[in-house]
Amino acid sequence: MDHEPQQPPMIPAVLRAELMAAVGPGNVKVAAEELHVYECDGLTIDTAVPGAVVFVHSTEQVVKVVKACAAAQQPFVARGAGTGLSGGAVALNNAVVIELARMNRILELDLENRVALVEPGVVNLRLSEACRSEGLHYAPDPSSQGSCTIGGNVAENSGGPHTLKLGVTVNHVLGLEVVLPDGRVVNLGGPLPGLPGYDLTGLFVGSEGTFGIATKVWVKLTPNPEAVKTLLAVFPSIDAASRAVSAIIARGIVPAALELIDQQVIRAVEEWLHLGFPTEAGAVLLIELDGLRDGLDLLAGRVMDACRSSDCLDVRAAKDDAERLLLWKARKQAFGAVGRLSPSYYVQDGVIPRSKLPEVLAKIQAAGRKHGLTTANVFHAGDGNLHPLILFDERKPEEVERALKCNDEVLAAVVEAGGMLSGEHGIGMEKLKFMPQVFSEDDLEGMRRVREAFDPNYLANPGKAIPARRCWEVKGHKPPEAEAAALPPMRKA
Amino acid sequence: MALPENFLADVARICGAAHLVAGDEVRPIGGAGYRPAASCAPGSADEIAEIVRADDEYAVPILPFGGGTAFDYGEAPPAEALALSMRRLDKLVAYEPADLVVTAQAGMTFGELQAALFEHGQWLPLDAPPEATLGGLLATDRSGPRRLGYGTLRDMLLGLTVVNGDGIARKSGGRVVKNVTGYALEKLHLGALGTLGVITECTFKLRPRPETHSVQELEAPDFAGGFALCRDLAKRLPFAAASAGFPGKPFRAQFAVEASPPDQARVLRELQEAVEKAGAGFAVKELEAEGIEADLAPARPRRLQAVTLTDGRTVEPELAARLAWPARAQDFPAQMQKLDVWAGERGFGLLMAFFDFPTRAVAELYFKLDDGAAAPDLGAVLDALRSEGAAATVVWQAPRLPRERSAFGPPREEWDLMRTLKLALDPRGLLNPGRFVGGF
């Protein structure tokens, strides 16, 4: 990535000394060339250079670092693998990046009771691998599961293809140890259900790092299904494929996963991986069914009927595990494949009522055509969770503008259909400006109050998740320093 | 003592004099017969908001209630309060069967909602009394044995509209099945007893009705043998519910099978084989279910004030508690034995402890004061329950038992944070004050 020459932001010398005392000088990065590595996450369009990057190895170190930041009124941002797609890990206002990737131990694996206690830096897939021999896995499976961390999943309430049947991150997190923005450590929930009090665990998951830093996570482990059947259904158009999705759901079938891949993406995948996908198809559905082996054929038959009733050209089951893995490889590598088509792409994450899929997908295509841009779709159709990709060249400022306009229109279509702005990537900073379209100022004001209960000075990941207070004068509040000083995200072109 | 005249006049003006009663005409609520100073039944969320705003001047405690089935949960209600009946907010707001999502007003009963969903072959897979309201179920986070197969309300709730303690209506979540747009404030209201806001509207993710339904009852010659067999079965096979009771004389466990016909056949076959293999004294039979919508009786009481034992007798417990246990599930039988002895020595008989297989060290316990026991040391029993780190919440106690300890146990460190949240969303402390954890 090329950069404008940029002066590294400075943090106060006293703070720098305290950070070094807390974690050791080798774990504090302040040099410009080191900081630039941390200027963005998976959403490369929004960038900001952090004031420092601090590698932590224990809850005690997190407490020391957070306390030092609080004393200096220095904002901080927790970061895992940096695979987020909404700019959630971008360090606005010189924030200190607290890098948790080295807190990567699985502390307890209670297979008998199907719970695990992990540190936030544990890579999602590693947890499933650790309990695979016992027939268990950790259910949320984002496409980046080979590199993303459980802590990051907690921040964004991440999903994945198989969360259609099993639920997203919040449905699998039982409790948290959290370092609050003033350095206090609290335990929220735990391995046992039914503790008295408000569900702070449920509130914390998906709060995008704005309530504090999770330093331990209690998660549920899920039994592996006895049998799995994966179907590939081929459709002449994206419209027919999305009608089939509605037909499947309307028949009362909730598959383990139900993914839609459109022609653009199929072709990109084929060009790269040569998996044998039908490049003439308008779209395909990848449908996974699981459960006891006894009922799978019946279920598969019904799904095939639903597909055929929606003008399906062909539908067949993967004949063995090898073919099944091939189908999933295509799905999981889809973003990478699209990356080969275009210098840049924008992944959107709107979520809509499932019955509105045909209507909204048509609008997305129209928006792309209007702005002269290619759009591609590969998404969790069963959840109504769209991931339209808008292809553009970030070296051409005018094309970036068109891409952003196209993106605005996509989100407008989502909102108009009764949808929401994010299904699993979070609001981060990229979608803040759309929040007033789905929430009233009163709703947002309530969210700010809750945020301030955790973080009265807006030190934890400021400028993310919910828009800054607008009416502070009227309400008689003083604007929190960090928030008032929030810079607009730097657009790189 | 009566409530301020001016406040009652405001309430009458807002929701209509016909929907306000005060003094002797007020009907008691809940199993303990609590009688609020006045009771009103607003007709809309706007009216509720207006009542709460009017109360800013008077700070009269406002107690929302629905079917009254779980009104006794929590600390004792304040002596002088305005009860707020939610029953007039009983409309289905939006239901698109193709989306498997429904939005309803919070005063709609669970029975009314299920009836509407059944027409489309869908349901909210929750065990709850039909007369309970949706808002009441959410505020008390009600669940039953089907949580094994379908999760709890936390897994079903998609969005919420509430009136906070400042009299402002706010929504969170949405009508989509997956959502990270703004903070998940809807989660905060689950089990919060309405202390952060009056729930006025709720959106749920639904499930298709299962094609088959069967409740199987497994009998075993002794508790340890039955427990081990049930745990093994529930780990291997997908049951919608699997639960049993302690002391369980005789040992009986109920398994709900809700699946496609081939899956059902398989599960029933394995259940049968496992019982045959277990040997003498083990048996399994199908129970006459009252229909799929029925509670999984006799696995759980429909009301806290009446519990059916495994031998079929129905008794009235005097103390009901929900217990979350740090012990591993496999240690559960030994822990139960210990508890049984403990309680017995202190004048309480353990009627029944209900729990789920395979993994949950959590139970609902029902006690009755022994005949002739003079001064029951309720505090000592609760302390015993809470020893070794267990969190015990009293969900029902008979009026004749002294309320000498908190229903929620000694303060926990995270309650400070909860208090800050309470202040943020109900700054005047108007909503169900004093009834939740930490006295807020």
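Biologist: What should I know about the numbering and cut-offs before we start?
Modeller: Residues are numbered from 1 along each chain as its sequence is written, and chains are lettered from A and ligands numbered from 1 in the order in which they are written. This is a predicted model, where local features need pLDDT of at least 70, side-chain atom pairs count only at pLDDT 80 or more, and totals for chains, interfaces and linings use all residues.

Biologist: What pLDDT does chain A average?
Modeller: Chain A averages 91, and 93% of the residues score at least 70. pLDDT is the predictor's confidence in each residue, from 0 to 100.

Biologist: Where does pLDDT stay under 50 in chain A?
Modeller: Over residues 471-493 of chain A. The model has 39 contacts beyond four places in sequence for that stretch, a contact being two residues whose C-beta atoms, placed from the backbone, lie within 7 Å. Where pLDDT is low, the predicted coordinates should not be read in detail.

Biologist: How many helices and strands does chain A have?
Modeller: Chain A has 18 helices and 20 strands. These are DSSP runs numbered from the N terminus, with helices being H or I of at least four residues and strands E of at least two.

Biologist: And chain B?
Modeller: Chain B has twelve helices and 21 strands.

Biologist: What is the radius of gyration of chain A?
Modeller: Chain A has 23 Å, which agrees with the value near 23 Å for a compact globule of 493 residues. The radius is taken over C-alpha atoms, and the globule rule is 2.2 Å times the number of residues to the power 0.38. For chain B, with 440 residues, the rule gives a value near 22 Å and the chain has 22 Å, which agrees.

Biologist: What box do the C-alpha atoms of chain A fill?
Modeller: Roughly 65 × 60 × 45 Å, taken along the principal axes. The C-alpha trace of chain B spans about 75 × 60 × 40 Å along its own principal axes.

Biologist: What percentage of chain A is buried?
Modeller: Buried residues make up 58% of the 493 residues in chain A. For chain B, 54% of the 440 residues count as buried. A residue is buried if 20 or more other C-beta atoms lie within 10 Å of its own, exposed if 12 or fewer, and partly exposed in between, with C-beta atoms placed from the backbone.

Biologist: Changing topic: is strand S18 of chain A covered or uncovered?
Modeller: S18(A), residues 375-379, is mostly covered, since five of its five residues are buried. Thr375(A), Asn377(A) and Phe379(A) point one way from S18(A), while Ala376(A) and Val378(A) point the other way.

Biologist: Which strands pair with it?
Modeller: Strand S14 (residues 257-262) of chain A is joined to S18(A) by two bridges and the two run antiparallel, with Ile261(A) opposite Val378(A). Strand S19 (residues 388-392) of chain A also pairs with S18(A), antiparallel over three bridges, and there Asn377(A) stands opposite Pro388(A). Strands pair if DSSP finds at least two bridges between them.

Biologist: Where is Gln348(A), and is Gln348(A) buried or exposed?
Modeller: Gln348(A) sits in the loop between strand S17 (344-347) and helix H13 (357-370) of chain A. Gln348(A) counts as buried because there are 25 C-beta neighbours inside 10 Å.

Biologist: Which residues does Gln348(A) touch?
Modeller: Not counting residues up to four places away in sequence, Gln348(A) touches Leu386(A), His387(A), Pro388(A), Asn407(A), Val410(A) and Leu411(A). Leu411(A) is 63 residues apart from Gln348(A) along the chain, and their C-alpha atoms are separated by 8.2 Å.

Biologist: How is chain A divided into domains?
Modeller: Into domain 1 (13-99), domain 2 (106-223), domain 3 (225-341), domain 4 (343-430) and domain 5 (432-491); the bounds come from an automatic or database domain assignment. The C-alpha centres of domains 1 and 4 of chain A lie 31 Å apart. Nine residues of domain 1 of chain A are in contact with ten residues of domain 4 of chain A.

Biologist: Last one: how many residues does each chain put into the A-B contact?
Modeller: The contact takes 64 residues from chain A and 64 residues from chain B. Helix H16 (441-454) is one of the elements of chain A that supply at least two residues, and H16(A) gives the most on the chain A side, with eight residues.
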